[in-house]
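Please look at the chain shown below.

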Amino acid sequence: MNEESLISTRRPSPLGGRKPTKDDLSAFATEDPNAIDDILPTDSSGLKMLIVGINPGLWTAAVNAPFARPGNRFWPSLYQAGLTDHQVDASRGLTASDEQQLLSRGIGLTNLIGRATVRADELSKEELRDGAAHLVTRVAQLRPRVVAIAGITSFRVGYSQPKAIFGKQDTTLIDGWPDDVDLHVVPQPSGLNAHYQVADLARIWREVWESIEE
């Protein structure tokens, strides 16, 4: 990936590098459809894996960094999987080096829905379906090698697949999904998800990453 693709276009943390307070968090519970910036290269030709969260939490929106709330297992599991060279602490926002190490390896991050909420279950079925359809359009434009959506319940609703299970998906069931882009659904890395610890998530991330090379 060329150096120009690694130039950040993301906004800095709205809180200027400090952790949010309870009062700060309430201010980010808005209808803003773009509460957090994506992590994407300017040239997507080198994009290998696109990780898709369901929607930002309030902490994440407050510092403009994905999976930023302390206790979230995303960054520790990505590091344990070997997909980052150090464990990112996103609780105050992302540094330029944090962002660049992802982009230099061909890893991008976005969300199914951009609106920030306290919990994902605050999202309506209509929002999830609209977000799912929009993701298909974006994937067709970006053409990553693989997409990993973090959250099975929202995937089932968004793509009208009530019996879907974790793992690689049959993309012929999704209208408009590009034939050459694989799709996996992985567990939510929230600290509230007791079924999957850091080691479990790391194993899953590694499996998705290695599938690119197969």
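Q: Which residues are in contact with Thr 171, leaving aside its neighbours within four places in sequence?
A: This is a predicted model, in which local features need pLDDT of at least 70 and side-chain atom pairs count only at pLDDT 80 or more, while totals for chains, interfaces and linings use all residues. Residues are numbered from 1 along each chain as its sequence is written, and side-chain values use heavy atoms, with hydrogens and water left out. Contact means heavy atoms within 4.5 Å. With that cut-off, the partners of Thr 171 are Trp 177, Val 181 and Leu 183.

Q: Is Thr 171 buried or exposed?
A: Buried means under 20% relative accessible area, exposed over 50%, and partly exposed in between (1.4 Å probe, protein chains only). Thr 171 lies in the loop between β4 (167-168) and β5 (182-186); helices (H or I, at least four residues) and strands (E, at least two) are DSSP runs, numbered from the N terminus. Its relative accessibility is 16%, so Thr 171 counts as buried.

Q: How far apart are the end C-alpha atoms of helix α7?
A: The expected span of a helix is 1.5 Å times one less than its number of residues. Helix α7 covers residues 198-213, and its 16 residues should therefore span 22 Å. The distance between its end C-alpha atoms agrees with this: 23 Å.

Q: What covers the buried residues of α7?
A: The buried residues of α7 include Leu 201, Ile 204, Trp 205, Val 208 and Ile 212. An α-helix has 3.6 residues a turn, so residues three or four places apart point the same way. The cover over the buried residues of α7 includes β1 (49-53), α3 (74-80), β2 (107-111), β3 (146-150) and β5.

Q: How many residues apart in sequence are the parts tied together by Arg 115 and Glu 31?
A: A salt bridge is a side-chain nitrogen of Lys or Arg within 4 Å of a carboxyl oxygen of Asp or Glu, and the side chains of Arg 115 and Glu 31 meet in one at 3.8 Å, N to O. Arg 115 lies in the loop between β2 and α5 (125-142) and Glu 31 in the loop between α1 (22-26) and β1, so the separation of the parts they tie together is 84 residues.

Q: Which residues do salt bridges that share partners join into one network?
A: Arg 115 also forms a salt bridge with Glu 127, at 2.9 Å from N to O. Glu 127 is in helix α5, 12 residues from Arg 115. The network consists of Glu 31, Arg 115 and Glu 127.
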